[in-house]
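Subject: The structure we talked about

Hi there,

Here is the structure I promised to pass on. Please open it and keep it beside you while you read my notes.

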2 protein chains.
Amino acid sequence: MLNKEKSRFLSGKKLISLLIIVCISGFAIADEGMWTIDQIDQLDLEKKGLKIPLEEVYNPDGTSLFNAIVRLGGGTSEFVSPNGLILTNHHVAYGAVQKASTQGTDYLTNGFLANSLEEEFHMPGTSAMIIDEIHDVTEEVIMAGVKIKNLEKHQRAINVKIIAMTDAIEEGQEDVIAKIVSMYEGQQYLLYIYKRFDDVRIVYMPPLAIGNYGADIDNWMWPRHTGDFAFARVYVSPEGVGRKYNPDNVPYQPKKWLKISTRDLNDGDFTMIMGFPGQTSRSRTSHDINYYRKLFYPDWLERADDVINILVKAGEDSPEAAIAIAGMRKGIANYQKKYNGTVVAMDRYDFLNETLKNEKKFMEFVKSDRKLKKKYKNILDDISVLYNDKIAYKPHDDILGYFGLSRWRWAGTLPSVANNIFYIVKEREKIDSERDPKFSEKNVTRGAERLHNKYMGFYEPAQKELLKYFLEKSTKLPVNNRIKSIDELLVRNNLSPAEFVDYAFENTKLTDVEYTKTLYAYKSHELEKLNDPFIDLARAIYKENEILRKRNEIFTAEITELRKNYMEALWLMSDEAVYPDANSSFRFTYGDVEGYKPRDAVQYAPFTTLGGAIEKDTGVSPFDVPAKLKELYKSRDYGNWADPDLNDMSIAFLHSTDITNGNSGSPVLNAWGEMIGIAFDGNLEAMLSDWKFDPAIQRTISVDIRYVMFVTEKYAGADYLLEEMGLK
Amino acid sequence: MLNKEKSRFLSGKKLISLLIIVCISGFAIADEGMWTIDQIDQLDLEKKGLKIPLEEVYNPDGTSLFNAIVRLGGGTSEFVSPNGLILTNHHVAYGAVQKASTQGTDYLTNGFLANSLEEEFHMPGTSAMIIDEIHDVTEEVIMAGVKIKNLEKHQRAINVKIIAMTDAIEEGQEDVIAKIVSMYEGQQYLLYIYKRFDDVRIVYMPPLAIGNYGADIDNWMWPRHTGDFAFARVYVSPEGVGRKYNPDNVPYQPKKWLKISTRDLNDGDFTMIMGFPGQTSRSRTSHDINYYRKLFYPDWLERADDVINILVKAGEDSPEAAIAIAGMRKGIANYQKKYNGTVVAMDRYDFLNETLKNEKKFMEFVKSDRKLKKKYKNILDDISVLYNDKIAYKPHDDILGYFGLSRWRWAGTLPSVANNIFYIVKEREKIDSERDPKFSEKNVTRGAERLHNKYMGFYEPAQKELLKYFLEKSTKLPVNNRIKSIDELLVRNNLSPAEFVDYAFENTKLTDVEYTKTLYAYKSHELEKLNDPFIDLARAIYKENEILRKRNEIFTAEITELRKNYMEALWLMSDEAVYPDANSSFRFTYGDVEGYKPRDAVQYAPFTTLGGAIEKDTGVSPFDVPAKLKELYKSRDYGNWADPDLNDMSIAFLHSTDITNGNSGSPVLNAWGEMIGIAFDGNLEAMLSDWKFDPAIQRTISVDIRYVMFVTEKYAGADYLLEEMGLK
């Protein structure tokens, strides 16, 4: 135990190394947390209910359940047969199948079953990864920056080191991906070496009316009746190399796959989840919370509303248009509900004030000791200065971001692609010391190869409306936040936003993917001569993008250092258990099957049933139970999959595991390490979960594996899949 | 037990008298039912949990809890002190207090507490009644019609007899009201002799933010956090006569008042309710269900939507306008939610088809026996003929009804008042044998005296819009359903509906209540000479009203006979318990404190808490918890009223008693006959309850008496009321 007496004797440097040890060896463990896999021996899992040796869950020197877990796109999946069969969520496979569906067959609405390996079709844009090795590389990474006081240069040195290390590992390896991930705000660096598979094919996907039953209305909600699952298969070259789609590829033979549970599942049962949670912010200060609650969420939600309206209108053009834009709509709608829920939850918890109170206590603690005071007293003020700066630029940075730099590239595919190409070409022309440390030729090649994925779902009328909308937004920015380059571009050409858009789409060649791919090899002066309107747009805003990139880089370097120090000081203040914020790296979480009380006088039971799905049926999407499913219900034709206590099919269940986006598709395992479900959602009441874990209400919503098997066997008639999984 | 073998030997006439005995003596008792008070000795209440002798609940020869129950307007209330203090629902007192509030003081929003008897103010239009005597007068009433074969004349003779009997009782008695009520579709007639009190004064009414917390949004819903209660006081002349408001009146001394419970209340506890449920239709045929599901509810809901929109718009004029129309809005909104819920529930239960299936079984039963076949085989077909006729006239009758004949007089106050006066004057001029058997001079006098109540809430702009709306509806009726008199009136005056309305409101004197009162004494030819536009409208539609009245009279006479026969046959078919449909007469029901499962994976607990009310608080009406209530919650300043298990105030609870509209304000009693709550609502999931009782989901929602006392003592500081109730 690290206590305050001890901490007084620690100098800054020793403290850091001690803290690394502390956070890795851990101590008192609460029933929350997304733990790195090497931490599981500190969780006392046997006491919590685990019935198998820990080594069967994770064995760095051998084969364990860990080896069956697959990173799939932005989500998770898992091997369930020796022949490369994987299970994941319907909504994880959705995007790829949607892209394949634009060509005429509506696999989304009707579902898809391959009756043989030959019928399995490639999921464009989807790649799978498994972890081959994990190493702690903290020392090596930190040493790269240790002598550099300037924070920006310090962080740059670290980034350069990371790229060098991972490039060296990947060098000459077609299917190897190395990722070094910062844990605890840079207190620890872990290296994950993945094997990558670019040929993943869809095997079985239930129809929307099962796989997306309830859709956006029920999204994030309990009670839930969604059969959110899909089967896919991982393919490799005959030599076992994970390469891109090739008709000669063969199913991959994993060294470990999960056994499907045939046991009953009950309230209170132990469960565990492994997967790749995306991002949490559980140790942030009031400045972050203030920024997100007062600015980021409201601004984003306003933009999202407008973008959704544009898409809805475009979708009315034709069924094809609706299919094309479905993925984008679904993605935005998901975050709309999430962010709205987060805003409500922040207010309900009075989260900002609560955090401010904690920071007051923190400052009292810091001021109680001379050494602490010296090292930590300015942290909060310094963070405040950084955020004030960020806020001052926000209107400008937001709108510019939509053209390609931010995660939400809502101004459209062509501006984003053009920006990316122009950026790459310019980076190549820089001298080494000035180049973006995150730039990598390997990534460029990979990006160019997969460029067509960005064009899937491309529906020109919607793209035009979106670009027009964001250009107009740009022209209405406040004077001190103008995007000058866009102003100049429109003035120079004497065009209104609408006129520019019409002109641009009439005169661009970037709608041709194969043509666009060739541009990656151009020099910047060659690009400039093309007179393509989208390249011109990219070129116009390039300098402002560079400034923004630079500003973000400095902000990140400085805020990271401050956050790192803040975390150090917090650890000195409290004995609480420590797990790093989620960052898309592998994590383990556990908990029990458990309902919750969403509000006064209401109790949610942890299981929903097929009867409940039919109770919700209106005959109209998204509550349109397929006739065959109703028949199966009527005749109680459940095979061996019914729940004996419910006397019905269990569809979904709640459990108190700690997950977030990216865990979608993760296997849920019982005490014996058998697969009992697929995690697919959190609950709206716990929308603060990315910021704060509340054991009373935070639940994972998982589809019951018995429903997955029932639908696969009885509804789809895919007995051969059950045989492959050893169930027949 | 009446079994099928026996029934074969019964002739028609004997059967009727046997059935009367059967239904009065009862047999197998289900946990449902609104029982007449003389039936309680068949309910085995001791076994169900009652801890006091039955005689303490009802003793026809002495004093019992029964004597504390008060009929109050369209609802129920109860004496809770020896000094005439009564408790009822906030929403029962709402209308009267709203009427008093139009004069400047907004008692509704702010609440009202009289600090002494002098401050109590008269509730206009509210009268209270207690039952002095109950007699079975079946024989006497039935004999009046026994020799008359023609159904219309038969029913008329019965009605005439009833009026004669009740008039004889009321004769010379200022505060006596006699009501003879038909039970089991005319199988039994019960005479209730009431003592009436026309001077009821408001004592304490919490603010809207307590008494109507959640308002229309939460109406019919669980979880509920409404403190739906109000205290009033019944006044009489110094001699004890129930007369109208007079400053010399004194508080009435009831012979029985309820003791407020100070015990804990828990899940599973026995409860009972006495009161005046309005109307149920639990033994109707598919024709009724078809008529209501396919025509009545959809048509009514469409009209109600339009009327609410008109009122909402009018309410935007000013706060005064909003207050004036609040009562009408609230009344309609309540039925909107109820009828919408009923439609949904009918569909969910597939109620029409289920009933058709039962009728098929019924026909099989009837056809199985020669005698049964002879007597009953045509019932369903005959009912069908009557309904087809009713449906053919429906568009015409509906719109005409809104002008005054139906319960919903939405075309406005003045058309309705004018119609009523014209009808009265014309009835007086008829010879006895042609006169409406329901006509009574005594009722006329009473109506004239209370005429001003009809004008309260009168807001001319809204009244004009409503009349215009219904005149326009009239002019758009299908050709075979025109209201010819309205057509002619408009054509004769060459006015559009809008022009007629402007003209009528400009030229009428009927907006003057005192003037209007004088018209009751006119002859019809004198009325006609007035040239008042509303009298002219009444005169114009008088004949069509008379035809409609006559048609309804015949329909009622014929359908009553058929329903009576249908019920007879049903009794022969089944051994189920029998209680008469609700009809605003006194009823008893019992059940346990019990939650329910509204849908898959959701369980409702039977208690809500003050913490839950604050959880719902948004600061904006109707979810605006008063600051003082929040303070009391924060400081846990609950007096002796907190629930020990919840460690909070209990606000409302669920129990499995069987009630409907009219029970509002009814006392909820525990096993010891002490008052534990006030019934105020049913739940949306059980909206089919007027048609069918479902023990799994039908619940009464009652405000916990501990919350009533807590609010009265701690929030309002009305300790003197607690003293009056013997609690201090």
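Before we look at any helices, here is one term you will need: a crossing of two helices is left-handed if the near helix is turned anticlockwise from the far one by less than a right angle, and right-handed if clockwise. Please also keep in mind that this is a predicted model.

Let's start with a helix pair in chain A. Helix α11 (residues 286-315) of chain A and helix α13 (residues 351-367) of chain A have axes that come within 9 Å and cross at roughly 165°. Angles over 145 degrees count as roughly antiparallel, and α11(A) and α13(A) are therefore roughly antiparallel to each other. The crossing in which α11(A) passes α13(A) is left-handed. On the α11(A) side you will find A:Ser286, A:His287, A:Ile289, A:Asn290 and A:Lys294, which meet A:Phe351, A:Leu352, A:Thr355, A:Leu356 and A:Glu359 of α13(A). Sorted by class, this contact of α11(A) with α13(A) holds four nonpolar, four polar and two charged residues.

Now a pair in chain B. The axes of helix α19 (residues 460-475) of chain B and helix α21 (residues 497-507) of chain B come within 9 Å, crossing at roughly 140°. α19(B) and α21(B) are therefore oblique to each other, and their crossing is right-handed. Among the residues making the contact are B:Leu467 and B:Leu471 of α19(B), along with B:Phe500 and B:Phe505 of α21(B). In the contact of α19(B) with α21(B), seven residues are nonpolar, two polar and five charged.

Next, how do the two chains sit together? Two copies of a chain are related by a rotation about an axis and a shift along it.

Finally, the interface itself. In it, 15 residues of chain A are in contact with 15 residues of chain B. About 1100 Å² is buried between chain A and chain B, and carbon and sulfur atoms give 50% of that area. A:Asp600, A:Ala601 and A:Glu615 supply 48% of what chain A buries against chain B, more than any other three residues.

Enjoy exploring!

Best wishes

How values were computed
Residues are numbered from 1 along each chain as its sequence is written. Chains are lettered from A and ligands numbered from 1 in the order in which they are written. This is a predicted model: local features need pLDDT of at least 70, side-chain atom pairs count only at pLDDT 80 or more; totals for chains, interfaces and linings use all residues. Side-chain values use heavy atoms; hydrogens and water are left out. Axes are lines fitted to C-alpha atoms, for helices over the stretch in contact, and angles run from 0 to 180 degrees between N-to-C directions. Helices (H or I, at least four residues) and strands (E, at least two) are DSSP runs, numbered from the N terminus. Angles under 35 degrees count as roughly parallel, over 145 as roughly antiparallel, 65 to 115 as roughly perpendicular and the rest as oblique. Contact means heavy atoms within 4.5 Å. Ala, Val, Leu, Ile, Met, Phe, Trp, Tyr, Cys and Pro count as nonpolar, Asp, Glu, Lys and Arg as charged, and the others, Gly among them, as polar. Buried area is the accessible area (1.4 Å probe) that two parts lose on being put together, summed over both.
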